Amino acid sequence: MAGEEIIRGNIEPEKQSLLNQHKEKHFTAGEIVRDIIIGVSDGLTVPFALAAGLSGANATSSIVLTAGIAEVAAGAISMGLGGYLAAKSEADHYARELRREEEEIISVPDTEAAEVAEILAGYGIEPHEYAPVVNALRKRPQAWLDFMMKFELGLEKPDPRRALQSAFTIAVAYILGGLVPLFPYMFIPRARDAVAASVILTIAALLIFGYAKGYFTGNKPVKSALQTAFIGAIASAAAFGLAKVVHP
């Protein structure tokens, strides 16, 4: 991060040497993983439930496939647009708060300095310890602004490419997930036979996806795999059962 590079450039050489030698391994692709999880989880379950429901209504494989592909296309667009709007709203919110903080630093600097003192005091820092920090920030308006955005409001500067990246990631993940339950219908003409293969394939995909989700999010992978597969199975079973009730 740019701010981190500036801070490190002003510290003592021996401390800089320690930081250069110490390489922390943190997982930093959380937003991308979150988008993939959203896209794949919905992509696997919604078309899966739709295909199971149509199969329960005695539709042919060609009808199931046509309806499924249409749903995947519409779902990918809808989910991608939702991801774009969510990221765009986050960026707009950050920009509004940034302008407000800039105005307050200029118009009421003493109040903002008192807020810095209050934040630091919340960490158990004594007045004689935080006073030099407050004074140093007042001499550096940009650093002061960054401090207030992060520690007063808890906001991180969003990546300007985030909205489009989120839309693309979610849409592609939805398509990839949605094609899995539809795959057997491409080769098995009879929907009643295809649905059994679709169930096996999709449950396997849900287990793999759930395990990976648990691994990357820090949860128990096996538990996550079972939960994800269970939710998908319940959704498809409900759709299949309703279709049978409506169209015996």
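Me: Which two side chains meet in a salt bridge at 3.9 Å, N to O?

Reply: In this predicted model, the side chains in question are those of lysine 150 and glutamate 156. A salt bridge requires a side-chain nitrogen of Lys or Arg within 4 Å of a carboxyl oxygen of Asp or Glu. The N to O distance for lysine 150 and glutamate 156 is 3.9 Å, and the pair is therefore counted.

Me: Are lysine 150 and glutamate 156 buried, partly exposed or exposed?

Reply: Buried means under 20% relative accessible area, exposed means over 50%, and partly exposed lies in between. Lysine 150 has a relative accessible area of 39%, so lysine 150 is partly exposed. Glutamate 156, with 48%, is partly exposed as well.

Me: How many salt bridges does the rule give in total?

Reply: The count comes to 8 salt bridges. Lysine 88 and aspartate 92 both belong to α4 and are 4 residues apart, about one turn of the helix. The closest N and O atoms of lysine 88 and aspartate 92 are 3.2 Å apart. Lysine 88 is partly exposed at 35% relative accessible area, and aspartate 92 is partly exposed at 32%.

Me: Where do glutamate 97 and arginine 100 lie, and how far apart are they in residues?

Reply: Both are in helix α4, 3 residues apart, about one turn of the helix. Glutamate 97 counts as buried, because its relative accessibility is 17%. Arginine 100, by contrast, is partly exposed at 31%.

Me: Which residues are linked with glutamate 97 and arginine 100 in a network of salt bridges?

Reply: The network links Glu97 and Arg100 with Glu101 and Glu104.

Me: How is the packing of two helices to be read?

Reply: Two packed helices are described by the angle between their axes and the distance between those axes. The crossing of α4 and α8 is right-handed.

Me: At what angle do α5 and α6 pack, and how far apart are their axes?

Reply: Helix α5 (residues 109-121) and helix α6 (residues 127-138) pack at about 140°, with their axes 10 Å apart. Angles over 145 degrees count as roughly antiparallel. The two helices α5 and α6 are therefore described as oblique to each other. Their crossing is right-handed.

Me: How many helices and strands does the whole protein chain contain?

Reply: The protein chain has 10 helices and 0 strands. Read along the sequence, the pattern is α-α-α-α-α-α-α-α-α-α. The chain has 248 residues, of which 33% count as buried.

Methods
Residues numbered from 1 in each chain as written. Predicted model: local features only at pLDDT ≥ 70, side-chain atom pairs only at ≥ 80, totals over all residues. Heavy atoms only, no water. Left-handed = near helix turned anticlockwise from the far one by under 90°. Buried < 20%, exposed > 50% of the residue type's maximum accessible area, 1.4 Å probe, protein only. Axes fitted to C-alpha atoms, helices over the stretch in contact; angles between N-to-C directions. Parallel < 35°, antiparallel > 145°, perpendicular 65-115°, else oblique.
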